[in-house]
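Subject: Structure handover and notes

Hello,

Here is the structure for your work. Please load it first, then read the notes below.

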Amino acid sequence: MRAWVFPGQGSQHPGMGEGLLDRFPAECATAERLIGVPPAQLCRDARGEYLGRTRYVQPAVFLVSVLAARAALADGRPPPEVVAGHSLGEYAALHLAGCLDFDSALSLVVRRGRLMESVTGGGMVAVLGLPLSRVTELLAGIPDVDLANHNLPDQFVLAGSTAGIRAVVDAVPRLGTGRCVPLAVSVPAHSRFMAGAAEAFAVALRDVTPGPPSIPVVSNVTGSPHVPGEIPGTLLRHFVEPVRWWDTMCLLARSGVTEPVEVGPGEVLTKMWRRAAGSLPAPVPGGPLAPAAPAALPVTAPAAPVTRGPALGPPPATASRPRPAGSPRLRSDYGIRYACLAGSSPFGVTSPAFLRRLSEAGLLGFFGAQGLAPPEIRAALAELRDVRRYGMAWPSGGDERALCDLYLAHDVRHVEVTGPLAVVSPQLVRFRYGDGPRQVLVRAPDLATAVRFLRPADPATVRALAAAGHLDGEAAGAAAREAVATDVAVERDAHALVPALVALRDREAPGARIGVAGVGTPASVAAAFALGADFVVTTTVNQCTAEAATSDAAKDLLAALDVTDIREAPDPDLFELGARSPVAHRGTLFAARAEELYRMFLRYDRLADVGPRRLAELERTHFGRPLDEVRADLGVAGRDDRRVLASVCAAYCREATAAALRGTPGQRLNYRVPASTDVGAFNRLVAAEPLVDWRVRHAESVTERLLSEAN
């Protein structure tokens, strides 16, 4: 059985409808009259004015979907035998089946989008990994949250008040394997909170008399075919009742649909079907599709009929072309196929070989310049001379003038700034705006760092650079009004920070892009884009690739990690401040031993206070040599004060890092291997695949594995 499905809000993207709009000038003229914006301008959305607003998104997605259907009819595509649409997509399905003419359907969609945008004070959250029974129990304990979408057996969307959504996010982790993905919307769609909008929409429905469908149209509200005469009532219920997409897919499967064809922008529904394929019911002889019983809720009869258009044939298979997720402008600026960048790992672990491999695959990564001396960075740049696309880490502190000179001399176009002490230095501003355009990616560990880089440079810094001849008038003007960072990726708390930063960006830094760093599964990539992120960044998972410049022993350790095998441990560069960074816990005692040293630092003022017996044990277990040698290497031989104590403790952390990089025999228990949960998550993902072996896990294969399902 041939089925066609239409996507809803969330499938939109700038440039959608290309090649369709010019074919249907009459429909586009009608759309411009009803929407108030020329369709080409609306769908292109070059300045980001429209496709982030519900009132424009809904008619735009409807228009593109309908024109794809008209193109199919013109191209002779065999018509479908049943149609359905997810939320907004149901209006395109009703039009395709001849229930609503173009003007009437688009007028309803325009009214619907404006009414939904007017409802504020709530939100929506996706709940993944829990069965319906557990979600029902959850809702019973949170009175101001409703089920809004039932998409898959373990995928739901809940809608409700802001406080209710927060309660859901807090409660789900306690229920077992479930997790939450707050959605970047302020509209509690398909819930009781839309009742006021539904009442206003009833006024619009009075002017419309839908005709009987020429083919079955599955209703979101009932999960069964629309009943002639009851369509207005179900459309009203659509505002306040959940989208029963799982029931819709089951109905299609029982009717003999092997895979529906998605018509319109994106492939969300196609991917949902493929994920559900193993759980869908078997076909039933004869098929269950038949008119359902009348809707239970009374409906006010529509007053004035309208003329309906003829039923249309379905759109062509090419109407739903795969489109890379994320920001097209970011892909263009970096010259890459996916909106994904490979973040740097210090000490050159993300090596020239790693970057070369990415570049040849149409991707881009950053060389790990942190912790390296200038000659080592210069040597890496020499190796990268013939690599088409790459970026360099920007180590904060040190001689940044020499670093900037070096990067400018080698025509480096992209840098990545990392670390909690990252600052907007004059030399970074010089790199960003002098002889541009150049990209500055900031991996922000917290909100304060992100905000710092999403604002223009200090005016005094700009004036000084201009006076020194580093910035011309045009560049100085750009530096005074634009964000220092072109791209900011949050490393933690993405569910809270991404929406906040998107809102800040839209107000103060419209040219910047917001991303999520540390992704390790296709689901985490999809969650990032669902939150409103423009791009994602791979981080510690890059260390566990064939091209990463770390030891085989460290890669063996990384490849064995699970998501629970990560610990926060004292950071060598900020030891005295108590700063911590995530490291591998399984297969090494570094985290425990470094924590032991930090407690010792808090308790004592000098090494001598620790006691000879304990110091001898540290020499044996931690350092593998006399502490006098350690102090001599640090240039503090003969001294013993609190600063020396801190330096010796931090030296253990640094030596543990070096031992892991070199794969020093006999020191495996002391290896310090930076790692985050993304490594463990990726290991789980590929546990039954060839990529489980890091020796065939190449630089580009990580990105391909993570992004292919999101595109």
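First, the ground rules. This is a predicted model, with local features needing pLDDT of at least 70 and side-chain atom pairs counted only at pLDDT 80 or more, while totals for chains, interfaces and linings use all residues. Residues are numbered from 1 along each chain as its sequence is written, and side-chain values use heavy atoms, with hydrogens and water left out.

**Cores**

A nonpolar core here is a set of buried Ala, Val, Leu, Ile, Met, Phe, Trp, Tyr and Cys residues joined through side-chain atoms within 4.5 Å. Buried means under 20% relative accessible area, exposed means over 50%, and partly exposed lies in between (1.4 Å probe, protein chains only). The largest nonpolar core has 174 residues. Phe-62, Ile-377, Met-392, Trp-394, Tyr-407 and Val-498 have the most contacts inside it. Helix H3 (residues 54-74) gives the most to this core, with 12 residues. Helices (H or I, at least four residues) and strands (E, at least two) are DSSP runs, numbered from the N terminus.

A second, separate core has 29 residues. Among them are Ala-569, Ala-594, Val-644 and Ala-651. In soluble globular proteins, nonpolar side chains tend to be buried together.

Contact means heavy atoms within 4.5 Å. Leaving aside neighbours within four places in sequence, the contacts of Trp-394 include Leu-403, Cys-404, Tyr-407, Val-415, Leu-428 and Phe-431. Glu-400, Glu-416, Ser-425 and Gln-427 are also among them.

Helix H25 (residues 627-634) packs on helix H26 (residues 642-662) at an angle of about 100°, with the axes 10 Å apart. That makes H25 roughly perpendicular to H26. Axes are lines fitted to C-alpha atoms, for helices over the stretch in contact, and angles run from 0 to 180 degrees between N-to-C directions. Angles under 35 degrees count as roughly parallel, over 145 as roughly antiparallel, 65 to 115 as roughly perpendicular and the rest as oblique.

From H25, Leu-627, Val-630, Arg-631 and Leu-634 take part. They meet Val-644, Ser-647, Val-648 and Ala-651 in H26. The residues of this contact divide into six nonpolar, one polar and one charged.

Cys-653 also lies in H26. At 0% relative accessibility, Cys-653 counts as buried. Beyond four places in sequence, Cys-653 is in contact with Pro-570, Pro-572, Phe-575, Phe-590, Ala-594 and Arg-672. Cys-653 and Arg-614 are 39 residues apart in sequence and 18 Å apart in space, C-alpha to C-alpha.

In helix H27 (residues 677-685), the buried residues are Asp-678, Val-679, Gly-680, Ala-681, Phe-682 and Asn-683. Their cover includes helix H22 (552-559) and helix H28 (699-707).

**Two buried residues with polar contacts**

Ser-581 sits in strand E18 (residues 580-584). Ser-581 is buried, at 12% relative accessible area. The side chain of Ser-581 makes a polar contact with the side chain of Arg-672 (3.2 Å). A polar contact is a pair of N or O atoms within 3.5 Å; within protein, one must be able to donate a hydrogen and the other to accept it, and residues adjacent in sequence count only if both atoms are side-chain atoms.

Asp-565 lies in the loop between H22 and strand E17 (566-570). Asp-565 is buried, with 12% relative accessibility. A polar atom of the Asp-565 side chain lies 2.6 Å from the backbone nitrogen of Asp-562. Outside four places in sequence, Asp-565 touches Ala-560, Val-583, Ala-584, His-585 and Arg-586.

**Loops**

Pro-188 is in the loop between strand E6 (179-182) and helix H8 (195-205). Pro-188 counts as buried at 2% relative accessibility.

Two non-glycine residues have positive phi. Asp-45 has a phi of about 45° and is in the loop between helix H2 (39-44) and H3. Asp-45 is buried, at 8% relative accessibility. Phe-347 has a phi near 60° and lies in the loop between strand E9 (340-342) and helix H13 (352-360). Phe-347 is partly exposed, with a relative accessible area of 40%.

Best wishes

Definitions and conventions. Nonpolar A, V, L, I, M, F, W, Y, C, P; charged D, E, K, R; others polar.
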